[in-house]
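Let's take a walk through this structure together, one stop at a time. Please keep the sequence and the model side by side as you read.

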Amino acid sequence: MSLPQVNVSPEKLYRMCYASVQSSLLLTGIKLKVFNHLSKPQTADQLARVINGHPKNTMLFLNGLVACDLLLKKRGIYSNTPIAQTFLVEGYSTSLGKGFIHQGSMYGLMPEDLSTLVLNGPPSLENRMDTGEKWGHNATWMANNERSGIAQQMSDIVSALPEFSSFEKMLDLGGGPGIFGIAIVDKHPTMKGTVFDQKPVVEVAKGFIREYGLESRIDVLAGDFNKDSLGKGYDLIWASSTLNFAQNNMEKVMKKIHEALNPKGVFINLSEGLTHEGTKPDFFVFCTLVWAMQNPMRPFDQGVIADAMLNAGFKTVKSRILQTCWGQMDMDIARK
Ligand SMILES: C[S@@+](CC[C@H](N)C(=O)[O-])C[C@H]1O[C@@H](n2cnc3c(N)ncnc32)[C@H](O)[C@@H]1O
């Protein structure tokens, strides 16, 4: 009897099996405030005393975080790497820890939970994520997701549009905490803006508008974009990661957007755009999988938004694929 002939390596499977260790290390580091403490370099024993931890296991845990490149270790002294220092220390406008804890609890499904979703489909309506209360609750940490790079990147792109200087009024549709709208309005000397979202969410947006001193230029409009008017007279409408909630109503909502724009107005949508029959880019396949299983909506396939824009009467649509810190995304720019 001889050993089997193996022509393919199972290494990828081992790595997938242990991938959840990395997310547990990240989330536990946030929970135990390790990154706050390691803003000041220290040994494992020193940190164990601070967090009241078991010395050997604290050292093993910190070694795991070093393997993830979130910490550095030099002669037994641990310190944050720049990515941990910028995004995982609490109390900054770029702190992402709170959001990761929330998202981790949603994505960190145990195999039995995922089997239930695969076998039984979405849970009852009470667990749905698209209620105004849930989004209102999440809007504060969502702001840090937005202002940790992507809002800056997008406002650079929008402000480089040839017609940008002529814009007088914009709408941030499904704007959440409103950071994209704030970043775009801030690039313009006079343009006014409105953040449209569900009532509990715009209440949070008001706080951020105040924080950036834009109360005289940005207001909020509470409503449901599937049912309510979006207002009118906009030169620019911006929507990011939000039209998934209009998926069953896309034709109507896109027509509303078209009507709410002034002649020659511009609608820009930023969303995931899945390709290869819904299997790429892997970042969005992974990060949308659980909510798509739990909710009625699903991630967009590439080109769906652009087609809807043309069907609603937009004259031209230009589509771009962008590398962002939220993964590869599609920007569709429609002109009326
Ligand atoms: C994923 S968040 C995106 C927020 C922000 N645009 C961004 O890119 O970070 C989706 C937003 O859509 C809003 N939303 C969902 N359904 C909506 C509806 N029917 N009417 C208005 N807003 C809605 C949610 O309240 C939430 O703020």
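Helix α7, residues 111-120, is hardly covered: of its ten residues, the count that is buried is zero. Here a residue is called buried if 20 or more other C-beta atoms lie within 10 Å of its own, exposed if 12 or fewer do, and partly exposed in between, with C-beta atoms placed from the backbone. Helices (H or I, at least four residues) and strands (E, at least two) are DSSP runs, numbered from the N terminus.

Residue numbers start from 1 along each chain as its sequence is written. The model is predicted, so local features need pLDDT of at least 70 and side-chain atom pairs count only at pLDDT 80 or more, while totals for chains, interfaces and linings use all residues.

Now step back to see the whole chain. It contains 13 helices and ten strands, and its C-alpha atoms fill a box of roughly 70 × 55 × 40 Å along the principal axes. Of the 336 residues in the chain, 34% are buried. Two residues are in contact if their C-beta atoms, placed from the backbone, lie within 7 Å. Among the contacts with a separation of 6 or more, 70% are between residues 24 or more positions apart.

UniProt positions are given in the numbering used here, feature names are shortened, and annotations may be inferred rather than shown by experiment. The record places "domain: O-methyltransferase dimerisation" at residues 17-89; over that span the chain is 63% helix and 14% strand, with its end C-alpha atoms 28 Å apart. The record also places "domain: O-methyltransferase C-terminal" at residues 154-268. That span is 33% helix and 27% strand, and its end C-alpha atoms lie 10 Å apart.

Let's look at one helix in detail. Helix α4 runs over residues 55-67, and its 13 residues reach 19 Å from the first C-alpha to the last. This is close to the expected 18 Å, a span defined as 1.5 Å times one less than the number of residues. Which residues of α4 are buried? They are Thr-58, Phe-61, Leu-62 and Leu-65. These four sit on the same side of α4 because they cover an arc of only 100 degrees around the axis, where the arc is that of the directions from the helix axis to the C-beta atoms. An α-helix has 3.6 residues a turn, so residues three or four places apart point the same way. The buried residues of α4 pack against α1 (11-31), α3 (44-51), β2 (71-74) and β3 (77-80). On the face turned away from the buried side, α4 carries the exposed residues Lys-56, Asn-57 and Leu-60. Just after α4, Asp-69 takes a positive phi of about 65 degrees.

Lys-33, in the loop between α1 and α2 (34-37), has a positive phi of about 60 degrees although it is not a glycine. Lys-33 counts as partly exposed because it has 15 C-beta neighbours inside 10 Å. Arg-75, in the loop between β2 and β3, has a positive phi near 45 degrees and is likewise a residue other than glycine. Arg-75 is exposed, since 5 other C-beta atoms lie within 10 Å.

The ligand is our next stop. It is surrounded by 18 residues, the closest being Trp-135, Gly-174, Gly-176, Ser-240 and Phe-245; a residue counts as near if its C-beta atom, placed from the backbone, lies within 6 Å. Helix α8 (residues 132-159) gives the largest share of this shell, three residues.

We finish along the later part of the chain. Asn-262 lies in strand β8, residues 261-271. Leaving aside neighbours within four places in sequence, Asn-262 is in contact with Gly-233, Tyr-234 and Asp-235. Finally, in the loop between β8 and α12 (282-294) you will find Pro-281, joined to Lys-280 by a cis peptide bond with an omega of about -5 degrees.
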